[in-house]
Amino acid sequence: MAPIQIKQFLFVGALCAGSAFLTTACVDNSYDLSEDLDLTMGLGSNGLSVPMGNVEKIYLNDILSVDESVKLDAANQYYLVEDGTTNFDFTIDKVTTKVDNPTLRTNPGKPALPFNKVCEILGAAGISSITLPAIPQVFSGEAEGTESMDFSVTDISSDIKAIHSVSFTPLKVSLSLEWFKSNAALKFDLKELKDVEITLPSILHVVDGSVSEGWTLVEGHKLVAHSVAFNGANMKEIVSFMIDQTQLKDCSTIENGKLSISPEVLHIKMKGGADFVNTGSFTMTSNDYMDVRLHIKVGTPGANNKTNIVVTSAKGVFDPLINPDVESIDIASELPDFLKDPEVRVNVSNPTLKFNVYPKNNVQIPADVDFYATLHSIKDGQDQVSPVEFPKYTRLYKNTSNVIYFYQDVAPYDPNGLEADAPSKKVQTQKVDNISSLISVLPDRIEVDLGANGNDKHIRVVGENEVALGQKYSQVVDYTIYVPFEFKNGVTIVYTDETDGMNEDLKDYAADGIQISAEAENTIPLDLKATISAYDMYDNLIPGIQFDEVDVKAGGGTDATAVTTALTIKATLTDPNLLKKLDKLEFKINAASEATSNATHKLVSTQYVQLKNVKLKLVGQIVADFNDN
Amino acid sequence: MKNKISACILAAALALPVAAQELRSTYFMQTSNNRHEMNPALLDSSYVSMPLFMGNLNIGSTGNFGLANFVYKMQPGWQGYGVDNRNLTTFMHPSVDAGDFLGDLKDNNRMSLNLKYGLVAVAFKAFKGTNIVELNLRSNTNVNLPKQLFAFMKEAGKNESYEISDLGIRTENFLEIGLGHSHKINDKITVGGKMKFLLGIAYADFSADNLHVQMQGDQWAISGQPKLSAAILKSEFTHENNNPSGKIDGIDDVTFGLPGFGLAFDLGATYKVLDDLTVSAAITDLGFIKWKDALQAAPNRTSWTFNGFAEDVYAGGTNTGSNKIGDQFEQIGDDLEEMLPLYDQGKKNETRALAATLNIGAEYTLPVYRPLRFGFLYTSRFAGKYSYHQGMLSANIRPVKWFEFALNGAVSSSGCTAGMVIDLHAKHFNFFIGADRFLGKVSKQFIPLHNMNSSVSLGMSFPL
């Protein structure tokens, strides 16, 4: 080839090559930056560890909220409290009481001043008649007689077993002496009674100071007067007094609603000298005599010459039927959430049942009442354990309020402080061994049986008591069960909590898993077992997100006895994209006391659990979607 | 939208039409009027360049990474593939294998963007040699991104510590008034020199040395010494909340001014060893530029340690308003933000050496075909962490008087390149177009995919 041709060839070739190289580069149109870049990014890598420091102390106070049922006492110890109330009453029906108004006559055949007495005084004997001179002269005779005062008590109800005394509105008893002659021709006047002794029925109680002047009450039932003058009156009230009570103890029995009184206690006797004076001359024969009679008048006699007595009270032995309808102690409906789970067990050391018995309407019961309670732990309509029977019996003392503690351990538990005796309050304590069995599995309710079952009465009036008949006596019984969270073993509470609203932050992320390591410092004397479940926005469980169970050892109850447990919690996702669905984490913490512990522990609001030295470690990457979707 | 903005920023950084300093492919070209840029002894003809427009435009970049190192084509099955027509993603995508990504990076990932814009040049014979008066606009921007930085971003947590050294970005922009002279000593030796007065327009240098990130189970720690110097026309830092003691949030109050002044020299020589063998050597940009009242900024603390949240994390107890876990993570971010920003450290005059360049060449004319010449050129730019080295083998052919063509291949610190120049030379007209580094595979927006080696130069001059 000629040189010029070579040159031309080289020139054209260079020109073409240069043009090609200069003007064309290899354009990859698939790299088009006018389109959006996908901003899905993998952040971190397997093993990326974030030191997070400490989580704040989670106090029991933050977990277990106090409310009407769960409270804190002065030492910040938790206790469960439920209560109920009832009242019982009884009435001893009124009785019908009447008393006779008898007339006491001298003993038969022994008038006050017989013929032979007159002859004796005049010094005559063996004659059949005697003429008395006109000169007045005193002829002293003797009057003695006995009569019975009928005191009846009827309409006695079966509640009354014995009447020992009956008190009534004070009644005036008036004794009036009447003298009379066998023959109108006898000209005698009663001048004076001397050394009169009237023995009243022993059942009558004379009101002190009520005996009329000139008379003396001796030995409680003898009226004695040295002289009672009669100044021409044919009949005269010689003495009056007030009675307010009849004593019937050991001298009466009740039969068929009627009181039978021993006759000897109903006698009224009179004895005394009667001085007659002749007022003129007259002849007295052997059949003639002068006599007296004593009219007894009690109150205002009514029909049949009987006086109705208004009984104010009666002392005796009463046994009314007391069968209250007792409101049960509602447990289930008032429980806080952490006690509702079926796994909950409350086998505490010292549950205490407090009875506070006080009169309704400020009317004290004037009677001692014995009671005992039978407690039933009811779940699903039936006893879930054997009923707990309190010791027979505990006494409710009369005329005072009563507080009784039934407890299980060393001493009763009362978060408000144990009550003490006071002038109008009597406090008792009673140990009962197995109260905790009632609430080991928290029941729906506790039924308190105070009723009567045939002859077995939970509440009965005992002893001798004085009651107002017809009066309704009511007692309010407030019962409260305190369950302090103090235990050796056998306590399980289940606390559930949840966090939600996480989806808003997580919906753009995916992850294989995460591992959290920490040291759990625990002062709560319960082993804590936590399970975590993941839910989506529609409350559906996400089974593909799994969390390791967390176990934290129980602490000793105080800051000084805290127990530290090393924890590693791993969360794994079967599909990293499940993280985008996560909206809620539900924590279920089963807190249980050690099964074999013999030490006593308390749950106190200041106990805490704290996660320390928390480190968060990635398992795989976190994939974040930063695109504007 | 933000995806596009991010992409544009990345693309702009990667494809900024910056000029190569000189078109080294013309070093051995007889028709080139611009060889004196590399060796003042090669100034051998009179000419006038096209003033202001296309007199001598050099734009180029070098770099050992490309767009494809950071932007990946998505594959079917990748999360987000095809969603909203997206098929490109960043290196942070979980399906981008960390080993592949980091394996394609160098220990130091460098990029250099250069512009030289000849505003006017007049070369003339006088003083027993050839002289030149020229005015050029020059801009050099250099970026160094250590691999450890990307290892930390991609695989944070895989290692316990990351040493990120020599992270930096620097830009210098100035006007250059050059006065050059070449002089033939004898038949064999020609020497040349150029004195250049430099008028600084804008300068900024950000560096973070010894950035140490430690991520152990008990503690995270970051320490480092970032700093910033800047002189941009005449300007001032702006501060957060207008508080002079607050962190810097921008530069404002920009008024016309030339904050820099410098002087540089080019020195060169050629020696004809044999008729067909000529060796040459030159050192250019030997000088300095002084930036007056350069704004200085540095953080107010050089270390940050995190070994757990400052407050115990809220867990349902006492909410202090700042102890929830989200708040505390935010606080970490705030603390980091407080550590990283820069605070005004006042002003300081800064004198900086220019990146001197050494060119050593050897040219051989093929005796059997004299229009064909081969040359070897070694270039070394001394610029600290932004240094650059290249060895170029060139073939130049001038089959006719008015046409010369050069083709070369080079191995450099940014990889292998190939270049070419075409020069059309008439008696009073000269036009050249060429590239030291052909564009390789590029994106649709002409952003280099595999390395940043690219350049284009063209110019028009009028030989006298």
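Figure 1. Of the 629 residues in chain A, 47% are buried (under 20% relative accessible area with a 1.4 Å probe and protein chains only; exposed is over 50%, and partly exposed lies in between). Chain A holds four helices and 51 strands, taken as DSSP runs numbered from the N terminus (helices are H or I with at least four residues, strands E with at least two). Among the contacts in chain A with a separation of 6 or more, 86% join residues 24 or more positions apart; a contact means heavy atoms within 4.5 Å. Residues are numbered from 1 along each chain as its sequence is written, chains are lettered from A and ligands numbered from 1 in the order in which they are written, and side-chain values use heavy atoms, with hydrogens and water left out. The model is predicted: local features need pLDDT of at least 70 and side-chain atom pairs count only at pLDDT 80 or more, while totals for chains, interfaces and linings use all residues.

**Figure 2. An open five-stranded sheet in chain A.** The strand order is β27-β43-β49-β45-β47, with antiparallel pairing (two strands pair if DSSP finds at least two bridges between them). At the edges are β27 (345-346) and β47 (550-552) of chain A, each of which pairs on one side only. Strand β45 (residues 527-535) of chain A runs antiparallel to β47(A) and is joined to β47(A) by three bridges. K529(A) stands opposite D551(A) in β47(A).

**Figure 3. Two cysteines, C251(A) and C416(B).** C251(A) is buried, because its relative accessible area is 9%. C416(B) counts as exposed, at 60% relative accessibility. Over all chains the count of disulfides is zero, a disulfide being a pair of cysteine sulfur atoms within 2.5 Å.

**Figure 4. The largest cavity, with a volume of about 190 Å³.** The whole structure has eight cavities of 30 Å³ or more. On a 1 Å grid over the protein atoms alone, a cavity is a set of points where a 1.4 Å probe fits but cannot get out; lining residues have an atom within 4 Å of a point. Grid points are joined across faces, edges and corners, and a volume is the space filled by probe spheres set on the points. The largest cavity is lined by 18 residues, and closest to its centre are N140(B), N142(B), E172(B), A355(B) and R381(B). In chain B, β5 (108-126), β6 (129-146) and β8 (167-184) each give two or more residues to this lining, and β8(B) gives the most, four. The lining has six nonpolar, seven polar and five charged residues (nonpolar: Ala, Val, Leu, Ile, Met, Phe, Trp, Tyr, Cys and Pro; charged: Asp, Glu, Lys and Arg; polar: the others, Gly among them).

**Figure 5. The second largest cavity, about 130 Å³.** T62(B), R110(B), Y386(B), S387(B) and Y388(B) lie nearest the centre, out of 14 lining residues. At least two residues each come from β2 (56-63), β5 and β6 of chain B; β5(B) has the largest share, three residues. By class, four lining residues are nonpolar, eight polar and two charged.

**Figure 6. The second largest pocket, about 870 Å³.** A pocket is an open set of points with protein on both sides within 12 Å along at least five of seven lines. Of its 36 lining residues, Q30(B), R35(B), L42(B), D44(B) and K184(B) are closest to the centre. The elements giving two or more residues are β6, β8, β13 (260-274), β14 (277-298) and β17 (357-365) of chain B. Eight of the lining residues are nonpolar, 14 polar and 14 charged.
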